[in-house]
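Open the model in your viewer and keep the selection tool ready. The tour goes stop by stop.

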Amino acid sequence: MATQSREIRLARRPQGEPGFDCFAFTTVNLPDPAPGEVLVQNLCISVDPYMRGRMNEGKSYVPQFEIGKPLEGGAVGRVIASQDEKLPVGTFVFSMYGWREAFVASVSSLRVIDTTLAPPSAYLGILGVTGLTAWVGLFSVAKLKDGETVFISAGAGAVGSAACQFAKMHDCRVIASASSADKLAYLRSELKVDYAFNYRDSDPRDHLRDAAPEGLNVYFDNTQGPQLEAALDALVPYGRVAMCGGIAGYNVPVPGPRNLMHIVRKRLRLEGYIVSDHFAELPALLAEAVPPLATGKLVNRETFVDGLDSAPAALLDLLHSGAGNIGKMVVRLSG
């Protein structure tokens with residue numbers, strides 16, 4: 001008996017800022033799983049800024065979304081029908097089959113998650129690709145050392161929140177930026193960063209001079225644009241930059257930094273990275289993150305919206321500096 005599932009497809013490629021007309025909803029009939037396959041009902045799906053780049057045309061590090069095809073993204077769900085004994089009914093799994101209510105897939109494309117350690121949605125956030133992105137950027141790319149000073153832009157977002165906490169766990173001085181009073185309060189009261197500022201209120205250079213008069217060792221860049229330029233001014237010789245994202249220019253390109261000669265003068269190292277190249281480091285992340293998450297010392301702040309219909313608005317909000325979002329944006333589905 002076929003199972004029906006609603007899904008969200010790319011209706012058109014945006015020019016500049018995307019709108020609701022870029023998305024189309026449809027209902028499909030899913031087949032029964034074949035041998036080696038399972039039927040999964042999604043419980044929650046991830047909404048991430050990088051999805052904006054996949055809406056464009058052209059080659060990238062990950063295949064672009066196709067017009068008329070369902071969007072993809074991280075999701076956690078429960079197996080509701082199985083044709084493989086490795087994943088019996090009731091197993092919780094992580095997949096990249098988000099933006100739909102249910103799907104049929106090969107067991108080889110799924111990863112089992114342990115919901116006795118944390119709620120399913122945590123595997124979209126601090127225990128999943130989001131947490132790994134922060135972990136890799138700090139420790140594998142930027143080589144952050146205990147006690148150093150690090151600046152993290154978009155510190156109240158999903159990756160930024162994780163990066164702030166991992167750096168604090170290693171006794172680092174953490175400076176973070178955000179875009180609203182609520183986010184600054186979150187950074188200061190819940191994440192206990194050492195200095196937080198609103199990058200829209202004044203020049204980030206002034207804040208970095210006040211927060212780190214002796215300079216930065218590391219900049220974790222989620223934005224590019226003016227904050228990258230300010231960080232290049234503030235980095236000490238042999239400072240390092242983990243180039244994680246560039247949300248300031250996802251809709252409209254932003255000018256490059258005007259002070260790139262700092263890279264030469266200070267012998268700086270800027271390195272971009274893609275988290276999918278580092279999935280082998282997930283066990284190291286879990287080993288450090290699971291114990292403090294269980295005791296409440298590690299915060300997995302989530303902003304939930306309910307129902308598949310809310311997913312496009314959630315993504316558009318993130319691309320407008322996440323005005324209504326703190327931490328990880330998650331779409332919660334019924335079931």
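Start with Thr-130: buried or exposed? Thr-130 is buried, at 7% relative accessibility (buried means under 20% relative accessible area, exposed over 50%, partly exposed in between; 1.4 Å probe, protein chains only). This is a predicted model, where local features need pLDDT of at least 70, side-chain atom pairs count only at pLDDT 80 or more, and totals for chains, interfaces and linings use all residues. Residues are numbered from 1 along each chain as its sequence is written, and side-chain values use heavy atoms, leaving out hydrogens and water.

Thr-130 sits in helix H2, residues 129-141 (helices are DSSP runs of H or I, at least four residues; strands are runs of E, at least two; both are numbered from the N terminus).

Next, select Lys-328 and Asp-48. Their side chains form a salt bridge, 2.5 Å from N to O (a side-chain nitrogen of Lys or Arg within 4 Å of a carboxyl oxygen of Asp or Glu). Lys-328 is in strand S15 and Asp-48 in the loop between strand S3 and helix H1, so the pair ties together parts 280 residues apart in sequence. Lys-328 is buried at 3%. Asp-48 is buried too, at 13%.

Now pick Asp-306 and Arg-332. Their side chains meet in a salt bridge at 2.7 Å, N to O. Asp-306 lies in strand S14 and Arg-332 in strand S15, 26 residues apart. Asp-306 is exposed at 52%; Arg-332 is partly exposed at 36%.

Finish at Lys-86 and Asp-84. Their salt bridge has its closest N and O atoms 3.1 Å apart. Lys-86 is exposed at 60%, whereas Asp-84 is buried at 14%.
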